[in-house]
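The following note sets out numbered remarks for a colleague who is reviewing the model. Please read each point alongside the coordinates.

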Amino acid sequence: MQDELLTKLLHASTEEEKSYLLAMSLVKNQPDGRAALLAAAIVHWFDADILAALLQEDKPEEKEPDFFEQLYVSLQALPFTQTFSERGYALHDLTRAGIRSHLFRNEPERFKAYSLRAAQYFLQSNDDPQNKVEGVYHLLVENNWDNRH
């Protein structure tokens, strides 16, 4: 497995791609952790509620009450997460960019779905100006999707 990762890293053409590969290697045996990491890369910051909003439709079956809190805590332990003021955590910019680039190219429907869910979450969440700006950002990403494809 390590040889495979090293080979992929050697053939990666950008720092973003390398960052994506390293990030995914840390969650490769955790399907829910992988989905949470992909969702966390869509938004500028995340907490358990944001992860729940982005992932709920991917996992519609009944979840234990603290399922998304556990995902949130597991993401915090990754070496490329950092606190984001009192709002929660964020992925390091290079890691976030690498994951977003991968999603955009290889999983465009997931990228679009998470962007739409993020827009809905942030625009309805409250009157906090920073949430509104984040919501508008994701709405623009989702609305401009068809112009890119």
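1. Leaving aside residues up to four places away in sequence, glutamate 134 touches Val43, His44, Trp45 and Phe122, where contact means heavy atoms within 4.5 Å. Glutamate 134 belongs to helix H8, residues 129-143. Helices are DSSP runs of H or I with at least four residues, strands are runs of E with at least two, and both are numbered from the N terminus. The model is a predicted one, in which local features need pLDDT of at least 70 and side-chain atom pairs count only at pLDDT 80 or more, while totals for chains, interfaces and linings use all residues. Residues are numbered from 1 along each chain as its sequence is written, and side-chain values use heavy atoms, with hydrogens and water left out.

2. Which side chains make polar contacts with glutamate 134? The side chain of histidine 44 is one partner, at 2.7 Å, and that of histidine 138 is another, at 2.8 Å. A polar contact is a pair of N or O atoms within 3.5 Å; within protein, one must be able to donate a hydrogen and the other to accept it, and residues adjacent in sequence count only if both atoms are side-chain atoms.

3. Glutamate 134 is buried yet has no salt bridge. Its nearest side chain of opposite charge is that of arginine 96, 5.3 Å away. Buried means under 20% relative accessible area, exposed over 50%, and partly exposed in between (1.4 Å probe, protein chains only). A salt bridge requires a side-chain nitrogen of Lys or Arg within 4 Å of a carboxyl oxygen of Asp or Glu. For charge, Lys and Arg count as positive and Asp and Glu as negative, whereas His and the chain ends are not counted.

4. The structure holds five salt bridges. One of them joins lysine 8 and glutamate 4, at 3.4 Å from N to O; both residues lie in helix H1 (residues 2-11), four residues apart, or about one turn of the helix. Lysine 8 has 41% relative accessibility and so counts as partly exposed, and glutamate 4, at 42%, is likewise partly exposed.

5. A further salt bridge links glutamate 15 with lysine 18, the closest N and O atoms being 3.4 Å apart. This pair lies in helix H2 (residues 15-26), with a spacing of three residues, about one turn of the helix. Glutamate 15 is partly exposed at 49% relative accessibility, as is lysine 18 at 28%. An α-helix has 3.6 residues a turn, so residues three or four places apart point the same way.

6. Glutamate 107 and arginine 110 meet through their side chains in a salt bridge of 2.8 Å, N to O. Glutamate 107 is buried, its relative accessible area being 17%, whereas arginine 110 is partly exposed at 25%. A network of salt bridges links Arg34, Glu107 and Arg110.

7. How do the axes of H3 and H6 cross? Helix H3 (residues 31-42) and helix H6 (residues 93-106) have axes that come within 9 Å and cross at roughly 100 degrees. The two helices are therefore roughly perpendicular to each other, a class that covers 65 to 115 degrees, with angles under 35 counted as roughly parallel, over 145 as roughly antiparallel and the rest as oblique. Axes are lines fitted to C-alpha atoms, for helices over the stretch in contact, and angles run from 0 to 180 degrees between N-to-C directions. Arg34, Leu37, Leu38, Ala41 and Ile42 in H3 meet Arg96, Ile99, Arg100, His102 and Leu103 in H6.

8. The axes of H3 and helix H4 (residues 48-55) come within 10 Å and cross at roughly 100 degrees. H3 and H4 are therefore roughly perpendicular to each other. Ala35, Ala36, Ala39 and Ala40 of H3 make this contact with Leu51, Leu54 and Leu55 of H4.

9. H4 is mostly covered, with six of its eight residues buried: Ala48, Ile50, Leu51, Ala52, Leu54 and Leu55. These buried residues pack against H3, H5 and helix H7 (108-125).

10. Serine 85 deserves a look in the backbone: its phi is positive, about 45 degrees, although it is not a glycine. Serine 85 is located in the loop between strand E1 (81-84) and strand E2 (88-91). Most residues other than glycine have a negative phi.
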